[in-house]
Amino acid sequence: MNSSRCAACKHLRRRCPSDCIFSPYFPSNNPQRFAFVHKIYGASNVGKILQDLPVNLRSKAADTLCYEASRRIEDPVYGVVRELTNLDEEIQKAHCQLARIRAQIAVIQARDEVDNVNNPNFFPPQND
Amino acid sequence: MASSSSSSSSSSYSNPPCAACKFLRRKCQPTLCIFAPYFPPEDPTKFSNVHRIFGASNVSKLLNDIMPHQREDAVNSLAYEAEARLKDPVYGCVGAISLLQSQVAQLQKELDATNADLMRFTTINNNNNHGRVAGYGGGSDPNYSGFSLPYSNPGGEDANYS
């Protein structure tokens, strides 16, 4: 048995060729990494995605595929989309908070202006 | 008079195949097809994207493992991920996450600065009014820092997804 097979070829129970598309990104010491992408995308689809990319971008692509696959396994309904939703909610909340604080500052500034122009000799209108 | 054919086995005009079965060129039985409720024939791109990234078999297994009331959300999130991956084969959805995280970090800085301004104005106002209490407790939280970033820069060189 060839002990230098990558995690993908071990998982797929096949010989690992010297030009294996998976071996640079799925080392044998991390079998779970390939197991995740295989479960979610399938080996063939992952191979096609990597094959269509320039060599210098394949590592990043493999990393992001692994990340999204692991998130989908943890959360089968929403996967990584849940993080997008959560971040979007945080952004909305922050905008509201900013608007509220700016409004408070505007109130304070307005009060300061009123105090500054306050006329100590002001008399209320008298009724005849 | 020729009688109209009443074939019950072939797909009729009232039961067009769902987008999945049309793509896969197979017979669609709406009551049995796992895809039919979520891949209407009017939107063929949705299934073709999902098929290209995940594969029909994987999607079918995923949907079978999910409660029926959650399947629509699952399909929509899969379709979103698939579209994102097709647009950006390197980063997929992770690219969008990275952008949003940057926005969150920027907003946090802005909030910190604006909070500091508020404290400054509050202090000045209190000093000017000699004890007049500034009532700004209407729901505001000067110490708001509710951001939690699950990770930093997933697209960077030190990204580690293993």
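Where in chain A is the place of A:Ser23? A:Ser23 sits in the loop between helix 1 (7-12) and helix 2 (31-40) of chain A.

## Basis of the model

This is a predicted model, in which local features need pLDDT of at least 70 and side-chain atom pairs count only at pLDDT 80 or more, while totals for chains, interfaces and linings use all residues. Residues are numbered from 1 along each chain as its sequence is written, chains are lettered from A and ligands numbered from 1 in the order in which they are written, and side-chain values use heavy atoms, with hydrogens and water left out.

## Chain A overall

Chain A contains five helices and zero strands, in the pattern α-α-α-α-α along the sequence. Helices (H or I, at least four residues) and strands (E, at least two) are DSSP runs, numbered from the N terminus. Of the 128 residues in chain A, 43% are buried; buried means under 20% relative accessible area, exposed over 50%, and partly exposed in between (1.4 Å probe, protein chains only). Among the contacts in chain A with a separation of 6 or more, 43% are between residues 24 or more positions apart. Contact means heavy atoms within 4.5 Å.

Chain A is divided into domain 1 (1-74) and domain 2 (80-119), with bounds that come from an automatic or database domain assignment. The C-alpha centres of domain 1 and domain 2 of chain A lie 47 Å apart. An unreviewed UniProt entry places the feature "domain: LOB" at residues 4-105 of chain A. UniProt positions are given in the numbering used here, feature names are shortened, and annotations may be inferred rather than shown by experiment. Residues 4-105 of chain A are 69% helix and 0% strand, and the end C-alpha atoms of this span lie 66 Å apart.

A:Ser23 counts as partly exposed because its relative accessibility is 27%. Leaving aside neighbours within four places in sequence, A:Ser23 is in contact with A:Cys6 and A:Cys16. A polar atom of the A:Ser23 side chain lies 3.4 Å from the backbone oxygen of A:Cys20. The C-alpha atoms of A:Ser23 and A:Ala99 are 51 Å apart, and these residues are separated by 76 residues along the chain.

A:Arg13 also lies in the loop between helix 1 and helix 2 of chain A. A:Arg13 is not a glycine, yet has a positive phi of about 55°. With 76% relative accessibility, A:Arg13 counts as exposed.

## Chain B overall

Chain B has five helices and zero strands, and its elements run α-α-α-α-α from the N terminus on. Buried residues account for 40% of the 162 residues in chain B. Of the contacts in chain B with a separation of 6 or more, 54% involve residues 24 or more positions apart.

B:Arg25 is in the loop between helix 1 (19-24) and helix 2 of chain B. Although not a glycine, B:Arg25 has a positive phi of about 55°. B:Arg25 counts as exposed because its relative accessibility is 80%.

## A buried lysine in chain B

B:Lys46 belongs to helix 2 (residues 44-53) of chain B. B:Lys46 is buried yet has no salt bridge. A salt bridge is a side-chain nitrogen of Lys or Arg within 4 Å of a carboxyl oxygen of Asp or Glu. The nearest side chain of opposite charge, B:Asp43, is 5.5 Å away from B:Lys46; Lys and Arg count as positive and Asp and Glu as negative, while His and the chain ends are not counted.

The side chains of B:Lys46 and B:Asn76 are joined by a polar contact of 3.0 Å. A polar contact is a pair of N or O atoms within 3.5 Å; within protein, one must be able to donate a hydrogen and the other to accept it, and residues adjacent in sequence count only if both atoms are side-chain atoms. Apart from neighbours within four places in sequence, B:Lys46 is in contact with B:Tyr38, B:Phe39, B:Val75, B:Asn76 and B:Ala79.
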